[in-house]
Structure formats: C-alpha cells, structure tokens
Amino acid sequence: MQFSHSRVSIFEKCPYQFKLHYLDQLNVLPDPAANDALIVGNALHLGAEKDELAMLDFYFSQFPLIDDQQINEGIKLTAMLKKLKTHLGGIPGKFKHEYKLERPEFVGFVDLMVTNPDRSVDVYDFKHSNHIKNYLESKQLHLYKFYLEREGYNVKRMGFIFIPKTSIRQKKTEDLYQFRKRLIETLTGMEIQVEYVEYDFQKVKEFWESCEGINGATEYPKNPTNLCDWCSYQKFCQEGIDYMLLPSSDRRQIDAVSKKVIWIYGAPFTGKTYFANKFPNPLMLNTDGNVRFVDAPFIAIKNEVTVEGRLTKTKLAWEIFKESIAELEKKQNDFETIILDLLEDTYEHCRLYMYEKLGIEHESDNSFKAWDMVRTEFLSTLKRLINMDYNIVLISHEDMSKDVTKRTGDKITRIAPNIQEKAANKIAGMVDIVARVINEDDERFLTFKTSEVEFGGGRLTLLTKKIPLDYEVFVKIYESVQNEGPASKRERKPKDTAEVATLQETEDTTQGDATTGDPKPEIETELPKRTRRTRQ
C-alpha cells in the first residue's frame, strides 16, 4: 500500500474510519457548507498558485446554488488571499506550487517549495486555521523533508503558513449590510502567520511504525470521540453496513442500465405532472390531488381518518408513504416508474410525523436534535425509494421568494425547488438530473442549466441546456449522454474529505459561521455606499 500523511493520521485517529474510506471505499453524499474545509482550502491554494479570479471561480462552482452564505465566504477568501499574496511577495526565491512527492511507499503534495539563491529549498504548507499548536506537532513537514532529500533536494527550512479564520456570526440586531461591514473590519485586523519547525527524524520513524501497523492490521476498531459528529461516516458507524452486499467483480454493461432518476420543478400549471405521466407504466404517489388530467394509477398520500364507534383514529400521511414504499420494495407489481408529486409535501408530512413521535410542536422545541432527526427520517426514507429498481420522477414547485444579496448590495431573485435547502442539496446528489420546467409564451421547456441563482445540475453532463417539454425528446437527450457517466468535478489535487477531516476536524467545532458570498467572482474589499436598489 502507498501511504500518505493523511492516511496514517486517519488510521491513528480511528481505524474504523480508515477501513470504511480506504479499504471499503465507501462514498458519502456531499453536503458542503459555505465554509467547507475542503472547498475553502482548495480555493485558497488555487488562489495562491494563480489569482483571485481562478480562486473564486473554483469556489462558486462547487455549489448548485449561490446564496448569501457563499457570498460572505467569498469576501473572506478575497481578503485572506490579498494578505497571503502580500506575504508571499516578501519571500525571495523561485516558487514551485503543488510539488508532488511520489515513491512506491509514499505520496504527498508540497504546497509551496521555494528555491533559494544557494539552491537549497524551503518547504511550506498552507493551513487555513487558528489552531496553530495542533499542527506544530504534525509529522507532515518532517516527511516532506525526508523524501525530498531522497530526491536530491537540500531542504533548509520547513514552515507552516497559517491563514487565519474568522467565525463571527450575524447578530439578530444587525442587517446584512451591517454584518458585512463588521466582517470586513474583522478581516482587516487579521494577519498571516508563519511558524517554522525543526526537523525531527523520530517523527519519520513513528510514521514508518504506523505504516507497519496498518499493513499488519486484521481488526479496525471504532474510536468514538466528541469529534464523531464531524465524521462523514458517522451513519455507517452507528447503524452498521451489514445490509450492504458486495456485487460480482464482473464489470457492468453501462448501456444496459435504463433506470432514470430525475427531479423536475417549476411553477404550478406548467405541465410537470403531465410530462411525468408519459413515463412507462407509472404509479403516482400524489400529495396534492392533481390527478384529473393524467391517467396513471395513484396512491393518495394524505392523512386517513377512520371512525370506530366513538373513537376517531388518524393514520398520518407519512405512515402511508412509508407503507407504500415498503410494498413497492417487494417488486410484486408491473410498475416501471414511480412519480412522487409533490416532494415538498412529503417533507412536511415527515415533519408532522416526527412532531408526534418526539412530542414537540416545532423543531425549535428541541433545536439540538429535532432538525437533524426530521431531515434524517425524510432523506433515509426517500433514499429507499430512489434505490428501488424503478424509474423515479420527483416533482416540486419552484420557490422565488428568496433573494441573494450581492456584494454590491443588489438583490438577485433565487430560483430553487420549494423545499428546505439542506435537504435539497442532499436530494440533488441522489438524482441523475435536476431540471426546471418553464412556460414561455405558452411553450413549455425543460432547462438543465445551473447558474448563480438557478438550482440545477446532476450527474450527467448535458450539452443541451434547453429542450421542449416532450418525453420522447427528453429520452433521446438522456440516453445520448447516459454512457458518458457523471459530470466531472473540478479538483485542484487528489485530496479527499477524509484527509481534510484529519487536518481540520478539531477546528471551530462549536462555531457555525453565518457567512455569505458574492455570486460573481469579482469581489472588492471596500464596502459600497448604502443606496436603495431595485431587484434585478
């Protein structure tokens, strides 16, 4: 096995997480926050190597929709990059970014290597963190020095360049303008800090001992700590993976996979249900009673009230929805397509079900757990539906009631499915395509574009961004790209979420930054004058 500093660190921290990530190669659905450590860190590295435009273009491209949180994070990135560029400008020598160290037994990436006039090199690693002490004990730079010198380099100095973080939050007493003004004032007073470390060969020996331990490991015990809530594999760890069976090692015939999983949203009466009705042998799980103009069989997802003598009993809609899924899982039917219309109604049904189960009237009654428990119940049940061997069509209304406030103060209308945003980001990772239905001059279209304010995207890369709302046209477009696989992700280097978790997990575990960012990459550091602006 080829080892890296991050792999060994994960094993030392929790052998079970190491097993799930590197041996079992389990993937998890992304749900990036605006201040996600992997995205922000890669963006800053790219900015240091190139420029602000490249940094912001990468950062904003990582989200299906840009809102005020990403805009504030963009303001932070811009301010910190300028300070970093100023600091690097004072370092003499020739720069080499992202130098890859690769040997049969070791791989690593040196963030910055500076060649001095005497041909020696200084080695630096960027850390976007305020927890300096945690990193000064790291083996990372000691490994870089050891393996660089095996390649003939003379490493003179090793240091961490710490880019500070701010976790200030918007107060209830201040508006967005006031918060951003305070944010910029805070960023102005923050400075880059460099800490050099003395080489210690003992740390390299400790790394080798850990590698030997990994090679000889036969058991991978769990190591629960108070940091488990920040682990991507927490659900696998707590609920087990016994239900997951390994398939045959034979490669699948991709062109034989005909299942389609799509999520369409749009304004009422734009033809979403009529379009979904064209899918083969459909069954509708209907929540709003809108079935008069379609001929598909349906199950009404609504509360059922029965009267037995003087006793009135109510079966909640969410229970009926779960029972329907359980029956569909048996596959004792001839249906080929399952249509869920409307998706957001089932989320509300789930909330009411959990209220009764938890004995609360709103999530805020138990704010530490209730929001997460409702979302977990909803997403885990929806995942059961999507994982079944049917075509799956999810239908939502669109929401245009929210605005994104740009860095300049202008308002941009946000277009997204009418469902809770954290749930929407998870669902988008489960489907192949998210498409919006629009009605222009009595002509209806499907659009697949993703923009600063329009929610969209998916696993398939569609060259066509707009087609008529016609099932036959959709099938041709869909099948023409299905064999191309998932849309490519823009990556700076092959660091993964587990690696970032190892380096960043102890940071700000009690802080939640209500940050926001600008949907355009051009972000200035001067705060504009307050003026009344019309919505664009």
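## Exercises on a predicted model

In this predicted model, Lys 100 stands opposite Phe 109 in S2.

**Exercise 1.** Decide whether Cys 211 is buried or exposed, and find what it touches.

*Solution.* 
- Step 1: Locate the residue: Cys 211 sits in helix H9, which covers residues 201-215.
- Step 2: Take its relative accessible area, 8%. Buried means under 20%, so Cys 211 is buried.
- Step 3: List its contacts, leaving out residues up to four places away in sequence: Cys 211 touches Phe 3 and Val 8.
- Step 4: Compare Cys 211 with Phe 11. The two are 200 residues apart along the chain, yet 9.3 Å separates their C-alpha atoms.

**Exercise 2.** The structure holds 20 salt bridges. Describe the setting of those made by Asp 125, Glu 323 and Glu 377.

*Solution.* 
- Step 1: Begin with Asp 125, whose side chain meets that of Lys 127 at 2.9 Å, N to O. Both Asp 125 and Lys 127 are buried.
- Step 2: Turn to Glu 323, which bridges to Lys 315 with the closest N and O atoms 3.3 Å apart. Glu 323 has a relative accessible area of 43%, so it is partly exposed. Lys 315, with 30%, is partly exposed as well.
- Step 3: Now take Glu 377, which forms a salt bridge with Lys 322 at 3.0 Å, N to O. This pair links distant parts of the chain, 55 residues apart: Glu 377 belongs to helix H14 (residues 370-387) and Lys 322 to helix H12 (residues 317-329).
- Step 4: Classify both partners. Glu 377 counts as buried because its relative accessibility is 13%, while Lys 322, at 25%, counts as partly exposed.
- Step 5: Finish with a network: salt bridges with shared partners join Glu 398, Arg 436 and Glu 454.

Notes
Residues numbered from 1 in each chain as written. Predicted model: local features only at pLDDT ≥ 70, side-chain atom pairs only at ≥ 80, totals over all residues. Heavy atoms only, no water. Helix = DSSP H or I, 4+ residues; strand = E, 2+ residues; numbered from the N terminus. Buried < 20%, exposed > 50% of the residue type's maximum accessible area, 1.4 Å probe, protein only. Contact = heavy atoms within 4.5 Å. Salt bridge = Lys/Arg side-chain N within 4 Å of Asp/Glu carboxyl O. Pairing = 2+ DSSP bridges.
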